[in-house]
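Please look over the protein shown here.

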Amino acid sequence: MPGAAEVLVVDDEPELLSYMETLLTVEGHHVTTSASGLLALQRLRQGLIPDLIFLDVRMPGLDGLQSLREIRRIRPGAQVVMLSCLSETRTVVEAMRLGAQDYLTKPFTRESLDFTIARCLEPGYASGTSVPASCLTIDELRDGRVMLAAGKAMSRVRALCEMVAGVDVPVLILGESGTGKEVVARFIHERSLRAAQPFLKINLAAMPADLLESELFGYEPGAFTGATHAKPGKFELCHNGTILLDEIGDMPPVLQAKLLHVLQDGQFYRLGGRRSLTVNVRVLAATNIDIKAAIAEHRFREDLYYRLNAMTINVPALRERKEEISLLLKHFMARVSEEYGMSPLPLSSSLLSACMSYSWPGNVRELENFVKRYLVLRDEREAVAEVEGLIRMQERIRPVSRLTVSEPLKSVARSAKDAAEIVAIKDALETTKWHRKRAAELLNISYKALLYKIRQYQIKPQTSCD
């Protein structure tokens, strides 16, 4: 626990001021209270130099955000913690963008208060799990998600998005599953001249090829059995807007040719139609596959790649931007607790340390699912144990020992792949106590794929848990 600190508490509720003054004084801190933002700024101008400021979001007169802007100008080195209600998540996001280091959701526990003080006052906090305000941008999107850039990698991505948003060209977004490619696409759309028009996402891997064409381009009556009336496709519905073709690498070759035609002149035919339709749609495409390899293997058209590749944006994996983990944990905790109608839980130093040590192969999506489990189960020790188990599992998966060179190369590769998969699957099942759906999430594969591999490799629990 850090030593005594100079603390300023700013809130218009007398009961809260008295409560915090009592708690902090007992801990040995020197406490100054202010019932408004104006009074707080006056004391700062008169020479008060607090180490830590607790600042209420909602106050009459000068509110929390207005006060924070002035505090940053008068005392740029002070650590600021916002005090907010669950309904003020958007304001908290804006406060973090303006340089607040943390937040507490009212009503908060003494443990949450102690932990927040310890984190904010520990040496190196601002350059460790937090991010300097000058390096942090948080943009909230209309669907409630955020575009977070807290380091060089994502700052470059955001800058590219800003640059390409106003230029009406296709964009190819690359990155591993769960890195936030859809968030990047939505950010581009909301920064573009089409922002007031529709944004539609189509997952090309989630739909059978025979249904995908009608879904994208629509159909006419009689086009197939059951087609009793005309139906517009997603391209028509998205006229003047932006369409995200997710998992573009899984698009059937026959539809790739039709998409190329749309990109070239904006025209297409409905399934079973005789009249050419013209649309004005901006196409964004995303994939987690190696496009160059797919082209070499004739699974993806090279001419379509060059049409989509007017600009390419690579979204880095979460393990390459660990400075964002603590901020994402806070964001997900605030958003999911509001969504579930539950009180948010504290993020202790042991939990944060475990999360920072794990590489998160499922990226941001895996991190969000972890927060959901923690919030529902409400057991911090279990949450820490889960992450530590995942870390141990990763450490045990080492390159497979050298195989005999007398085997054909394909056999060597297949044997190495099978051996590595068996180790990973067994560890995931043991970590989740044979909870197959959670194991599938950890492995970043579908539940059906995991069941198939369990049967394929004849993996069985040492003791029955069913």
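The notes below go from the whole chain to single residues.

This is a predicted model: local features need pLDDT of at least 70, side-chain atom pairs count only at pLDDT 80 or more, and totals for chains, interfaces and linings use all residues. Residues are numbered from 1 along each chain as its sequence is written, and side-chain values use heavy atoms, with hydrogens and water left out.

**Overall fold**
- The protein has 19 helices and 14 strands. Helices (H or I, at least four residues) and strands (E, at least two) are DSSP runs, numbered from the N terminus.
- Contact means heavy atoms within 4.5 Å. Of the contacts in the protein with a separation of 6 or more, 70% join residues 24 or more positions apart.

**Surface and burial**
- The accessible surface comes to about 22600 Å², and carbon and sulfur atoms hold 53% of it. Accessible areas come from the Shrake-Rupley method with a 1.4 Å probe; for residues, only the protein chains shown count as cover.
- Buried means under 20% relative accessible area, exposed means over 50%, and partly exposed lies in between (1.4 Å probe, protein chains only). Of the 466 residues, 49% count as buried.

**Aromatic rings**
- Rings of Phe, Tyr and Trp (its six-membered ring) pair if their centres lie within 6.5 Å; planes under 30 degrees apart count as stacked, over 60 as edge-to-face and the rest as tilted.
- The count comes to seven aromatic pairs. In one of them, Tyr305 and Tyr306 have ring centres 5.1 Å apart and planes at 65°, so this pair is edge-to-face.
- Tyr305 is buried, at 10% relative accessible area. Tyr306 is exposed, at 53%.
- Phe217, Phe235 and Phe268 form a cluster linked by ring pairs.

**Charge over a ring**
- A charge sits over a ring if NZ of Lys or CZ of Arg is within 6 Å of the ring centre and within 35 degrees of the ring normal.
- Lys437 places its charged end over the ring of Tyr447, 5.6 Å from the centre.

**Cysteines**
- A disulfide is a pair of cysteine sulfur atoms within 2.5 Å. The count is zero disulfides.
- Cys161 is buried, with a relative accessible area of 0%. Cys238 is buried, at 0% relative accessibility.

**Ser34**
- Strand β2 (residues 30-34) contains Ser34.
- Ser34 is buried, with 2% relative accessible area.
- Leaving aside residues up to four places away in sequence, Ser34 touches Leu8, Val9, Val10, Asp11, Leu17, Leu39, Ala40 and Arg43.
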